[in-house]
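Here is a short briefing to read alongside the model.

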Amino acid sequence: MKKKLFLVMILSCVMLVMAACGSDKSASGDSEVTLKWYMIGTPQKDNAKVMKEVNKYTQEKLGIGVDMTQIDWGDYGSRMQTMINSGENFDIAYTAAGEFVTYSQKGAFMDISKYLDNEGKKMKAELNSQLWEGVTMDNKVYGVPSNKEIGEQQVYVFNKNLVDKYKMDISKVNSFADLEPFLKTIKENEPNITPIGGNKDFKPVTPFDYLIDSAVPLPFAVDEYNDTGKVVNFYEQPETVKILKDLHGFYEDGYVSKDIATSTDPWSYEKENWFVRIEKYQPYAESIWDKQTNGQYKVVTQPIMKTPIVKNSSVTGAIQAVSVTSKHPKEAVEFLNLLNTDPYLRNLVDKGIEGTHYTELADGSIEDLPARVENYSMPTYALGNHFILKRYSDEPKDKWEKFKEFNEESKASPGLGFYFDSKNVRTEIAAITNVCNEFGPALLTGTVDPDDYMPKFKKKLNDAGMKTVMAEMQKQYDAFKKEK
């Protein structure tokens, strides 16, 4: 009897230990590794439903679970800063542009180089090599970029109704000054139309790659077409001055709104109150803008610069980074590798569950169901490789082929992969940023005469430490070019 009682006690202990082990497993109950993933975007009602299916698949393929938490657009930046500053343990997070650079330089994101030849081998080969160059600093890879269009090409977008009405040949627009006769026609004949649509964020296009990401460009730039090896103040370059003078002339003639330097009007496509605007292009962008007009009118485009340029800003628009606090970096890279190379997983995370959130048609294209629109609308751009996404039924069949052609035509800026380390001149950078925020919007919107305004601007920049920063940046840029 005692022996039986002893055996029962032993078995009970074993079962308790097993239960304790099971309590550490993921929600799916199949793995002790569950990746904590932070994503930008409005939290979706069906997130848990979709992630349940995601976990079934990642358990089967990798033996790991995934827990995605979405943080709303306006809160994401501050929440991420808090998590990083507090040293919170997480595995993967969405990041982009200036924040990606800052956090990488501060050591918040992990160098995943050592995993790319094994756990990340397939995505390393599949994603465009220039994308990888854009997320590399000091030979360390700090994230997985979204594989989409890599070049930045800005275009003039015209209201096609007005172009056709006045029989305009917009192919003749090869410079900012070439817009003038078209703007004059609109001003004289269309009292309810503002010739150039734009607000305080308006920036004319210049042939320079800005080296410090900021809402108002800081002066430091390199020629994006010619590898001169020199960092310059783009505001004072002859090409920029000419454009700013032309823009001021447009302002004086009433071709832009008088409050453009302070306006927050988004100039929605739903309002047919503008003739031309400046936008960043991607293949078939016209069809996207046409939809936004709700059928009122169509648009037509004319490239400002003929060749798309690959810049840091164009390849760091959406990145998934592995946190330096992650306890499972190998598994994190394995998951990102699968997300970027496996069509089923990529579409599941992005579009939701087939039959619930979307339906697939006979030709392989898809259409959204009400549940996707209402309960699972995800930020496609932020999630990963676009070229393995299913095509919507109203999209061109050659959509992704055109994207690939666009990427092949794109040319790398000499500044691609250069990230300035400002730790030695932080005080000066802060002061210069303040000066640019004071002077930049008025200059870049044409509100002021550059002949009068530029000398004051340059003096304040010099007082803020412009020469010191320029010398430090040129030193780092020289080292970057030599190493490259």
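**The chain as a whole**

In this predicted model, 52% of the 484 residues of the protein chain count as buried. The chain holds 18 helices and 18 strands, and its C-alpha trace spans about 105 × 55 × 35 Å along the principal axes.

**Surface and contacts**

- The protein chain has an accessible surface of about 22900 Å², and carbon and sulfur atoms account for 51% of that surface.
- Among contacts between residues at least 6 apart in sequence, 76% join residues at least 24 apart.

**Strand β7 and its two partners**

- Strand β7 covers residues 153–159, and six of its seven residues are buried, so the strand is largely enclosed by the rest of the structure.
- With β12, strand β7 runs antiparallel, and six bridges join the two.
- With β13, strand β7 also pairs in the antiparallel sense, here over five bridges.
- Phe158 is a handy residue to look at for both pairings: it stands opposite Val276 in β12 and opposite Val300 in β13.

**A sheet of three strands**

- Strands β9, β10 and β11 form an open sheet in the order β9-β10-β11, with antiparallel pairing.
- At the edges stand β9 (208–210) and β11 (232–233); each has a single partner strand, so one side of each is left without a neighbour in the sheet.
- Strand β10 (residues 220–223) is joined to β9 by three bridges, and the two run antiparallel.

- Is Met80 buried or exposed? Met80 has a relative accessible area of 1%, so with the cut-off for buried at under 20% this residue counts as buried.
- Met80 lies in helix α3, which takes in residues 73–86.
- Leaving aside neighbours within four places in sequence, Met80 is in contact with Tyr38, Phe90, Ala93 and Tyr103.
- Met80 and Ile40 are 40 residues apart in sequence, and their C-alpha atoms are 9.9 Å apart in space.

**Pro303, in a strand**

- Pro303 belongs to strand β13, residues 299–303.
- Its relative accessibility is 26%, so Pro303 counts as partly exposed, a class that lies between under 20% for buried and over 50% for exposed.
- Which residues does Pro303 touch, not counting those up to four places away in sequence? They are Gln153, Gln154, Val155 and Val173.
- Pro303 and Tyr281 are 22 residues apart along the chain, with 8.6 Å separating their C-alpha atoms.

**The enclosed space**

- How many cavities of 30 Å³ or more are there? The count comes to one, and the largest cavity has a volume of about 40 Å³.
- The lining of the largest cavity is made up of Tyr156, Phe176, Leu179, Ile196, Phe202, Val276, Arg277 and Ile278.
- By type, this lining divides into seven nonpolar residues, no polar residues and one charged residue.
- Strand β12 (residues 274–281) gives the most to the lining of the largest cavity, with three residues.
- One of the lining residues is Val276, the residue in β12 that Phe158 stands opposite.

**The second largest pocket**

- About 400 Å³ of space lies in the second largest pocket.
- This pocket is lined by 18 residues, of which Lys351, Arg372, Thr380, Tyr392 and Glu395 are the closest to its centre.
- The elements that give two or more residues to the lining are α14 (370–375) and α15 (399–409).
- Of these, α15 supplies the largest share of the lining, three residues.
- What kinds of residue line the second largest pocket? Its lining divides into six nonpolar, four polar and eight charged residues.

Technical notes
Residues numbered from 1 in each chain as written. Predicted model: local features only at pLDDT ≥ 70, side-chain atom pairs only at ≥ 80, totals over all residues. Heavy atoms only, no water. 1 Å grid on protein atoms, 1.4 Å probe; cavity = no way out; pocket = protein on both sides within 12 Å on 5 of 7 lines; lining within 4 Å. Points joined across faces, edges and corners; volume = space filled by probe spheres on them. Helix = DSSP H or I, 4+ residues; strand = E, 2+ residues; numbered from the N terminus. Nonpolar A, V, L, I, M, F, W, Y, C, P; charged D, E, K, R; others polar. Buried < 20%, exposed > 50% of the residue type's maximum accessible area, 1.4 Å probe, protein only. Contact = heavy atoms within 4.5 Å. Areas by Shrake-Rupley, 256 points an atom, 1.4 Å probe, with all protein chains shown as cover. Pairing = 2+ DSSP bridges.
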